[in-house]
Each structure stands twice: as C-alpha cells, then as structure tokens.
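Keep the structure open as you read.

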Amino acid sequence: MEEHDVVIVGAGIAGLATAIALKRVGVKALVLEKSEGLRATGAAIGLHSNAWLALEALGVAHKLTTTTYPPMRKGNVTNIDTGATQEITFPQPDKHEHETRPIHRKALLEALAEELPMDTIRFSSKLKSIVNLQAEEGSSYAIIHMENGVSIKAKALIGCDGVHSVVARWLGLTTPVNSGRWAVRGLAIFPEGHGLDVNFQQFVTIGKRVGFAALNDKEVYWFLVGQSSKGEDIPHDPETIKKEVISNFAKNFPTSYLRVVQHSDLSTVTWAPLLFRFPWDVILGNLSKGNITVAGDAMHPMTPDLGQGGCSALEDAVVLGRHIGNLNIKNKKLVARDQVAEALERYVKERKWRVAKLIVVSYLAGWVQQDGSGWFMKFLRDSIFYRHFSSLISNDKQYDCGKLPCVSSSNNELDNDPRKIY
C-alpha cells in the first residue's frame, strides 16, 4: 500500500490549485486524475479580482496577467425582441489593479500544473472506493482503492472531482440538481484576425441567451444558454451541436454572433446541463468527515451566470492551504490525528456561507436574464439588474480569500524544488 500525506482526487482547477497551495506550505500532495491528460472543458474562463488575488497567493498570477489577455471593462446587452441595448460595466480595477480577464481554461490549467513537481499528477487513475480508517493512538487515515488495484493510504483526502464527485457522494452530500437550463460553449478561431473589440457582447430573448468575448485578436469565446428540455434532444457530437446552434437555437440572433459560432474549433465545442447544489445543502450538509473533504465543484456546483465557479475554486485552494499549512507549521509535519479533521472543519466553516451565497446569486442572475416575458420580469431585468450590474456583483468579485502562511526553508522539504516559482 502506498502512503501519502494528502491525496487530491481530480486535476481540474480546484485540484491543481490545492496541490500548489499545499506545496507552498510544505505539504506534498498526490493528485489522481481519471483522464489521460489535463481537461479543459468549457474552452475559456473569466477570472475576476477574487481569482487574481487567489492566484497571487498561489504565486501563479504573474504567468497570466499579460497583454495576451486584455481586460474586459464593459459590454453591451441587446434584447433582440425590442432592439434595446444597454451598456454594462464590469467592476473597476481594485487597489491591486486586478481586472476581469477572459483567458483560455487550458492556459490556466497548464500554468497551475507547471508549478508542481513532475510526479505530483497521476493520470488515468480512477477512484473505486474510499474507507476512513481509525488507527491506534487516535490517528485517522483515508484508504483509497483504485480501479487498477492500487491502494493508497493518506492523512487527508480532498475531493476535487467535479459536479459528479465520488468523494462528495461518500460524504453523503446531495446530488446536484438540474437548473432547467443547459449551455453550449466553444472557442472560435480567426487566423487572419476577427476585427472585434474586447467588449463583451450579449443578446437575450425569452428562454435563451447568447454572447461572446474576445480572448485576443484571433480567438473568441462564445456561449449559448437555453431553457427547457429541447437542448437535450441534440446529439452531442461537436459538429451537430454547432449546426444546431446556427440553424435552430440561435438562428434569430445577430449575424455577428453566428459568424463567431461558424468559426468554431470543434474540439472546444461542448453541451452540458447547468447543475447546482441547493445552498442549504452546502450550509447544512457534511462538507467534511474526519480527514476527508471536498473543494471546487465537488463542494459547490453552481450555474455559470456569475462567472464564479472557477474563481471560487481558487479561493477554496488558498483557504485549504492556509488551514492545513498552519497545522503543518505548528507540528513541523502533517500528523494523522484529530487535528487534521479540525483543520478541515475550520476550512468548511470559512467557506460554506461564502459559496452558498454565490450559488444563490448566480442562480438568480440566470433566472432574471432568461425567465418570463411579463412586465415585472422586464422591469427587474432592464431597470435593475443590467443598470446596476456592476455594483450588484462588485463585492462578490473583489472578495479577498487571504494569504498562505510563510514556511521557513528549514521546514519546507520542497524548498529545493528547481521548478518552484514565486
């Protein structure tokens, strides 16, 4: 049986960021990923101020804040039924000069993975079962059994394995529910340049919402969010999805949007239902049990309407790193006793109300923009939500999750890692 201090299930944003946070505080982690390589489903991600603060704490922000990804400062929202257009502004640069930037999801994953020693991530490793073992002298271990027959003993297990998390299921968390909406996303490539400005463009009608944002002068991220079960009838191969978007679901939307979709790189086109976990299940559910917990979508799946799924996962990583790091620094090593469980409980206590609020606000943001044609919904959407969009989301998107504790070189066995970048 292999033995490791911390095992992380899932090499997505939450898993990789958590591994970096633990490395920064002197704890080595093993990341188990069922896929053969890094997964970048979703094509692009918007990183807001709170994400940049977390990336700074992880020592990664400088690798992504370049002119390659220009900031997104404002956008236009057009109601295609009335032709009315409103301008929305994104939160202004905070005191750290952070702004919203859309970037390649793959670039973020690669930037995170590059910070880890080569043997940290173990691909093609699928989790089979979990056992929480109480050993002698109060020590507690998680025993992870893999489908390939390997068994791993860990002082802490962190599930970062997404919406359909095996670890969350083991903890007894409720299954995420369908929001009644679905999304298609993709990345358009214009080898000769797209000629678009960097402003975000969105078009809405009852039950549907589309939009696009330029990542650079040749690549544009696009999306379509639909309602009801109609989208579930699409055969979900990329070519068919693209054709259905152009000829069916978005046929009445502006040609500027259809032109973007037409130039899609099929390898980036995906369809998925929008799932979320009820906020009361996050607040009242078992987010940790002994030395096992969850982070990212495994803890708090939410709809993408606030753009906070990946950003809040980065926050989780820093907070986890801080609580486990404080324990590691106190004992000069990670001990497999009740102290690990207590550290994870402190992490959960710090995170659950924050992410429960994000789930609620994100769901409401999607509901307001797409649901209902009555006068009240139009007033709520046009006169309140879009008009006050920036102020409504400013506090949530400028949240500071804090820093990681400092570890002296004498206590940090990873300090001589030549790949470490601060």
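Start at Glu2. Glu2 is partly exposed, at 26% relative accessible area. Partly exposed is the range between buried (under 20% relative accessible area) and exposed (over 50%), taken with a 1.4 Å probe on protein chains only. This is a predicted model, in which local features need pLDDT of at least 70, side-chain atom pairs count only at pLDDT 80 or more, and totals for chains, interfaces and linings use all residues. Residues are numbered from 1 along each chain as its sequence is written, and side-chain values use heavy atoms, with hydrogens and water left out.

The side chain of Glu2 meets that of Arg122 in a salt bridge, 3.1 Å from N to O. A salt bridge here is a side-chain nitrogen of Lys or Arg within 4 Å of a carboxyl oxygen of Asp or Glu. Glu2 sits in strand β1 (residues 2–9) and Arg122 in strand β7 (residues 121–122), so the pair ties together parts 120 residues apart in sequence. Helices (H or I, at least four residues) and strands (E, at least two) are DSSP runs, numbered from the N terminus. Arg122 is also partly exposed, with a relative accessible area of 28%.

The structure holds 15 salt bridges. Another joins the side chains of Glu115 and Arg24, at 2.6 Å from N to O. Glu115 lies in the loop between α3 (105–113) and β7, while Arg24 belongs to helix α1 (residues 13–24), 91 residues apart. Are these two partners buried or exposed? Glu115 is buried, at 0% relative accessibility. Arg24 is buried too, with a relative accessible area of 7%.

Move to Glu114. Its side chain meets that of Lys63 in a salt bridge of 2.9 Å, N to O. Glu114 lies in the loop between α3 and β7, and Lys63 in the loop between α2 (49–58) and β4, so the pair ties together parts 51 residues apart in sequence. Glu114 is partly exposed at 40% relative accessibility. Lys63 is partly exposed as well, with a relative accessible area of 25%. Through shared partners, salt bridges join Arg24, Lys63, Glu114 and Glu115 into one network.

Now turn to the sheet. Seven strands form an open sheet with mixed pairing, in the order β5-β4-β12-β13-β14-β11-β15. Its edge strands are β5 (85–89) and β15 (270–276), each pairing on one side only. Neighbouring strands are turned by 20° against each other on average, direction ignored. Two strands pair if DSSP finds at least two bridges between them. Strand β4 (residues 74–79) pairs with β5 in the antiparallel sense over five bridges. Lys74 stands opposite Thr89 in β5.

Helix α6 (residues 255–262) lies across β11 (177–189), β12 (200–205), β13 (208–214) and β14 (219–227). The helix runs at about 110° to β14. Axes are lines fitted to C-alpha atoms, for helices over the stretch in contact, and angles run from 0 to 180 degrees between N-to-C directions.

Finish at Thr293, in strand β17 (residues 292–294). Thr293 counts as buried, at 0% relative accessibility. What does Thr293 touch, not counting residues up to four places away in sequence? Its contacts (heavy atoms within 4.5 Å) include Leu157, Ile158, Val167, Leu320 and Tyr347. Leu287 is also among them. The backbone oxygen of Leu287 lies 2.7 Å from a polar atom of the Thr293 side chain.

Note on methods: A polar contact is a pair of N or O atoms within 3.5 Å; within protein, one must be able to donate a hydrogen and the other to accept it, and residues adjacent in sequence count only if both atoms are side-chain atoms.
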